[in-house]
Amino acid sequence: MVIAPEEQWWRKSTVYQVYPKSFKDTSGNGTGDIKGLIGKLDYLQELGIDIVWLQPIYVSPQNDNGYDVADYRRIDPNFGTMEDFEELMKELKKRGMHLMTDIVVNHSSTEHQWFQEAKKSKENPYRNYYIWRDPAPDGGVPNNWQSKFGGSAWQFEETTGQYFLTLFDKTQADLNWEYEKVRQEVADLMIFWAEKGVKGFRMDVINLISKDQNFPDDDGSIAPGDGRKFYTDGSRVHEYIKELYAKVFGPYNLVTVGEMSSTTLEHCIRYSNPQEKEFSMTFNFHHLKVDYKNGQKWELKPYDFEELKGLFSKWQTGMQRAGGWNALFWNNHDQPRALSRFANDGEYRSESAKMLATTLHGLQGTPYVYQGEEIGMPNPDWHDISEFNDIESTNMYQILQERGLTSVEALAVIRERSRDNSRTPMQWDDTENAGFTNGKPWLKLDGRYREINIQREQANADSILSHYKKLIQLRKQESVITEGLFKRLDNQHPEVFAYARITDAETLIVVSNFSSEQTAFTFAEDFWITRAEGRDTELLIGNTRETPSWGKTLELMPYASYMWIIR
Ligand code: TEU
């Protein structure tokens, strides 16, 4: 079956990710809110955004900043009211924009009424909504699976004398997808939001919902040996997603993105090929682990550039061949800022931010811009552990010391890897607290906000922000960006990532220098002759004052990056 292109309008869209807690506060309580977002919709429209991904705003104890949902149908008063939400929908519609909401249903908060009931007795009608196991014969945990936030994945519940599974925080209880009623609840709650006009869903760690029902111990033969091989892309996951497609995504014609933790290319092809009727696209994280020493997030090493390029190429080519579709991203609310991580957030901050953007936005897929990325926000300047809020960071700070690191060493790791790096408040202008709040911000701001802020970017025609605007428009104008075949060109150049996107009529070329040194890059002879030599070439976008001279060999200044089209 061929899907008509008009049904895939989002293939030319750029999604903007809003972390509401840090976007814009209007109440003065120091945390962002829905009204704050409404006030900034003109800004997003001006940027060229047509889909806004709004992170969880449901009632929640906020132990994991809203990824611990206590009521899927109500707005947390910290963020506003249902009236505010409806107002947001109206204001988006006025501007021709769509809302994508975040659905967190691998787990719920233990404060959810389902869990409050479930824990009362083994006979409770909600018992089966969660995953309960008897203690091991010695009274200990049922198996050796580890929580993603550190420690055992099992929590003991006194009243009934059983353990329940929590793959994340101990207050995030995993839902039991084997139970048909749970799947129906999920479909119903999504319909509730679709009826309100929500056009898309981002589904949190959705590839973890089908667990091996034998709950075996992990023998550690495959790193990291924490049990994930028994619940990642599990045996019934595709069946469950197809069920949601049939009940919700299809009937409401939604754009959907699945967040896929530790997944494989083969599974993502199935999740995102339209013929499978599952998701529109998938996030995977392999390219954001190239600086994990031994695959461990909490062990530092400089990033492996060759591996990074290899991963982009593998996913571009692999998804393309089999009709899958990638969600493209450098940043999100769980990642340190790519600018600080893969490029230069000091002397070459502006060049670096533009270089990373051009590199990503030339690829096939749907790009996501995470708030602040479009103005080159860096990791902030952390000094003390007390400045951090994220539960994962504070847990790991303790665990790293238990593993033998000194407090100074542990802090050094947290500074680099903490999710709070991307969660600091949005920098709107150079007034106090960067115009984010009149109150006391819930998380500290980056100290450079007087220099790095939106007001300043808007006043500068040559800004990072203008660069993003242009890239977002280019995707809409140049069909080769959506359709062209991916071909890597750099032949393992130590500093340069270069690729082409090829259709019968056109060739798009992206060349980026990832280093702070000047370098040169030469196209391979056969590519140069067949696709470039003697043809009309237009520079679509670049990041240097001087226009580069086009030719078989290119001289590249530090972090220089260009996109050409050959027609
Ligand atoms: O994150 C999923 C996830 O596994 C990670 O990105 C996680 O933060 C990392 O592996 C920990 O080292 C999603 C959400 O994006 C995240 O904010 C939530 O905390 C998590 O699920 C639980 O809902």
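**Group meeting: domains, ligand site and cavities**

Okay, so let's begin with the overall layout: the C-alpha centres of domain 1 and domain 2 are 54 Å apart. Domain 1 runs over residues 110–174, and domain 2 covers 484–566. Keep in mind that what you're looking at is a predicted model.

Now, the ligand. Where does the ligand sit? In the largest pocket. There are 17 residues around the ligand, and the ones that come nearest are Asp-64, Asp-204, Asp-334, Glu-392 and Arg-419. If you sort that shell by class, you get nine charged residues, four polar ones and four nonpolar ones.

Take Glu-392, which is among the nearest residues: a polar atom of the Glu-392 side chain is 2.4 Å from a ligand oxygen. Then there's His-333, with a polar side-chain atom 2.8 Å from an oxygen of the ligand. And for Glu-259, an N or O atom in the side chain lies 3.3 Å from a ligand oxygen atom.

How much of the ligand does the protein bury? On its own, the ligand exposes 490 Å², and 91% of that is buried by the protein.

Last topic, the cavities. Searching the whole structure turns up three of them at 30 Å³ or more. The largest cavity comes out at about 130 Å³ in volume. Which residues line the largest cavity? You can pick out Thr-282, Asn-284, His-286 and His-287, then Leu-311, Phe-312, Trp-315 and Gln-316, and finally the run Asn-326, Ala-327, Leu-328 and Phe-329.

So, to recap the ligand site: the ligand is in the largest pocket, with nine charged residues in the shell around it.

Note on methods:
Residues numbered from 1 in each chain as written. Predicted model: local features only at pLDDT ≥ 70, side-chain atom pairs only at ≥ 80, totals over all residues. Heavy atoms only, no water. Near = heavy atom within 4 Å. Polar contact = N/O pair within 3.5 Å; in protein donor to acceptor, adjacent residues only side chain to side chain. Areas by Shrake-Rupley, 256 points an atom, 1.4 Å probe, with all protein chains shown as cover. 1 Å grid on protein atoms, 1.4 Å probe; cavity = no way out; pocket = protein on both sides within 12 Å on 5 of 7 lines; lining within 4 Å. Sits in = over half its atoms within 2 Å of the grid points. Nonpolar A, V, L, I, M, F, W, Y, C, P; charged D, E, K, R; others polar. Domains from an automatic or database assignment. Points joined across faces, edges and corners; volume = space filled by probe spheres on them.
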